[in-house]
Each structure stands twice: as structure tokens, then as C-alpha cells.
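I opened this notebook page to record what I looked up in one protein model. The sequence and structure come before my entries.

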Amino acid sequence: MSRRARVRGLVLLVAAGAPFIGAACVSTSSNNAPASFDASQPSLDGSGPRSDASPGPDGASQPLASCKAILGATPGAPSGRYPIDPDGPGGRDPVTSYCDMTFDGGGWTLLQATTGGASDVPFPAVVDSDASVLVAEPQPGVYGSLGVPLVVALAATATQVHIRSPFAPDGGDNGAWITSVVPAGGGASVPIQNLRKGMMLNASLTDGTQAQSDYVGPNAVAELLAFPLDSRCTDFAARGYPSIYWACNNHGGLHFLMAGDGISKWRFDAGTNEALEVYVR
Ligand SMILES: [Ca+2]
């Protein structure tokens, strides 16, 4: 059965009031979500997350665009995997992504996840791709990414980006993370502006030493986010998603470069890649 057909069947089940769905709800703070989720299989106890689909123009159920929209339609919706259709009816097919419904009020849609292992090879040359999903649908603990068109669509209505290491299963928000700030005067922050163009979060900045002011959180510090530009960073401005952040020429800074590089760690000097998750809402 095709992915589209599975998703369509899934939302129809929900619309009919059938008990939902595949894997049990994934704890918000867990980093060990099941890798073999199958949305076509109903859950045994109905405890899984719901899709709050609404009828589409053709009478079929239409997944909502984002985790933020799902939480808005169903306050208290649990964290877990949901069908979403970031570009609405038509266009790209709906995908299934992970929603964090509790951190800082919830409504976070997972764009990209790495595992920290050597298997996190660079995503293929996808900057100009129109693929909906790169490698795999992202979920905590699974190496995958939404494609550029869906990320751009999500960013169009998003106001914040959130990057973190997977939180401990016992919850809390004491892990390593940054969240972009919403400008006090309104409008979109630099990271959101860049994501709406399919660019890396800090692309095109001309004063890399101030990038940390775009974020809050325990890792929103200059030593991680500053990037003193020089001649070694000549392709800096052109870096596109799925690369996320490049503290160029800062060897102790955040490097999350998945297009061609396969580097995923808060500190470039760290010996191995680290698991990271990128969300928007
Ligand atoms: Ca669509």
C-alpha cells in the first residue's frame, strides 16, 4: 500500500471514530521512539495520538498542516507521531512526523533528527530537491528529515525554531537546547526568515558574532553560536537546508551540516556526532 493510501486510510479511521492508531504514544522526553511504526495498524488500546483531520474539498479527510495546528484543534493532544500536510490539500502528499506537545507549551513539528552515529551520513544532495522526505520521515532516534518544500511550508506559519539533544526519558528540559526568539516588535526572526527561504538558520548573516542573540536556552551562548566570518567561509551565505547551523571558523561551535558534510554536534571539537532534533512551531 502506498504511503498516501496508508495516510488516507489512517485519517479516515480517525474521522470514523475508530480507535487510533499504530505505535503507542511516544513520551515527549523519550529518544527511543519505535523505528517500525506502522500507521496502518490500529492500536490495541486506542491510546495513541489522534489526527484531528477535517474534511477536505473532495470530502476526504485532510490532515492538518502542523503540530501547532493539531494542538490548537485539540488542546491536550499528546506527543507522538501524526499525519501532517504542511502545504495543504494538493501539492506534496501528507507525511507522518513527530509532534512534541509539551515542551514550552508544545506544538512543535519535528523537521529533522540525527542519531549521533556514524550512520548519520550526509543527506544526499537535496538542496534543490522537491522530495517531501529525505532518507526517512523524522522521529526521535531515527535519522531522517522532511524535504525542503515541506520545511519551507511549515516555516511560513512558524515563529520559532528549537534544536535540542534528545531529552532524558524522565523528562524535564535540562538538556542541551536552543530556541529562537520571537522579535519583540513582531515579524520573523532571522532563523525563521532563513528557513522560509530553504536556507540554513544562520545563512547570510554578516555579523556572525551576534547570532547567539537570536536564541534562548542553555546552549544559546556565544562560544557555541558565534561564527567569525573570513575567507574560509566563502560558501556560508549559500548554505541551504538540510544544513541547519554552521558556526563557521569556530571550531568549538555548533555544526549541524547535513548537506554534504554529515556533521551533527554542538561542538565541532567533539569526537563524534551527537544526536540532535530540530523542530519548528
Ligand atoms: Ca499537500
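The entries below go from the whole chain to single elements and residues.

**Basis.** I worked from a predicted model, in which local features need pLDDT of at least 70, side-chain atom pairs count only at pLDDT 80 or more, and totals for chains, interfaces and linings use all residues. I number residues from 1 along each chain as its sequence is written.

**Whole protein.** I found five helices and 14 strands; helices (H or I, at least four residues) and strands (E, at least two) are DSSP runs, numbered from the N terminus. Of the 281 residues, 49% count as buried. I call a residue buried if 20 or more other C-beta atoms lie within 10 Å of its own, exposed if 12 or fewer, and partly exposed in between, with C-beta atoms placed from the backbone. I then looked up contacts, where two residues qualify if their C-beta atoms, placed from the backbone, lie within 7 Å. Among contacts between residues at least 6 apart in sequence, 58% join residues at least 24 apart.

**Helix α3.** Which residues of α3 are buried? In this helix, residues 148-157, I listed Val148, Leu150, Val151, Ala153, Leu154 and Ala155. Their cover includes the strands β4 (95-100), β5 (108-113), β7 (144-146) and β14 (277-280), together with helix α4 (190-196).

I then took Ala153, which is located in α3. Ala153 counts as buried because 21 other C-beta atoms lie within 10 Å. Leaving out residues up to four places away in sequence, Ala153 touches Pro86 and Asp87. Asp87 is 66 residues from Ala153 in sequence, yet the C-alpha to C-alpha distance is 5.6 Å.

**Strands β3 and β4.** I noted that β3 (residues 80-84) is mostly covered, with five of its five residues buried. β3 pairs with β4 in the antiparallel sense over five bridges; strands pair if DSSP finds at least two bridges between them. I looked up Tyr82 and found Ser97 in β4 as its bridge partner.

**Sheet β11-β12-β13.** Three strands form an open sheet in this order, with antiparallel pairing. β11 and β13 (263-265) stand at the edges with a single partner strand each, so one side of each is left without a neighbour in the sheet. Strand β12 (residues 255-257) joins β13 over three antiparallel bridges. Leu257 stands opposite Ile263 in β13.

**Backbone exceptions.** As background, I noted that most residues other than glycine have a negative phi, and most peptide bonds are trans.

- Where is the cis peptide bond? A cis bond joins Tyr241 and Pro242, with omega at about 20 degrees. Pro242 is in the loop between α5 (222-225) and β11 (245-246).
- Asp104 has a positive phi, near 50 degrees, although this residue is not glycine. I placed Asp104 in the loop between β4 and β5. Asp104 is partly exposed because 15 other C-beta atoms lie within 10 Å.
- Val135, again not glycine, has a positive phi near 70 degrees. I placed Val135 in the loop between β6 (133-134) and β7. Is Val135 buried or exposed? Val135 is buried, since 20 other C-beta atoms lie within 10 Å.
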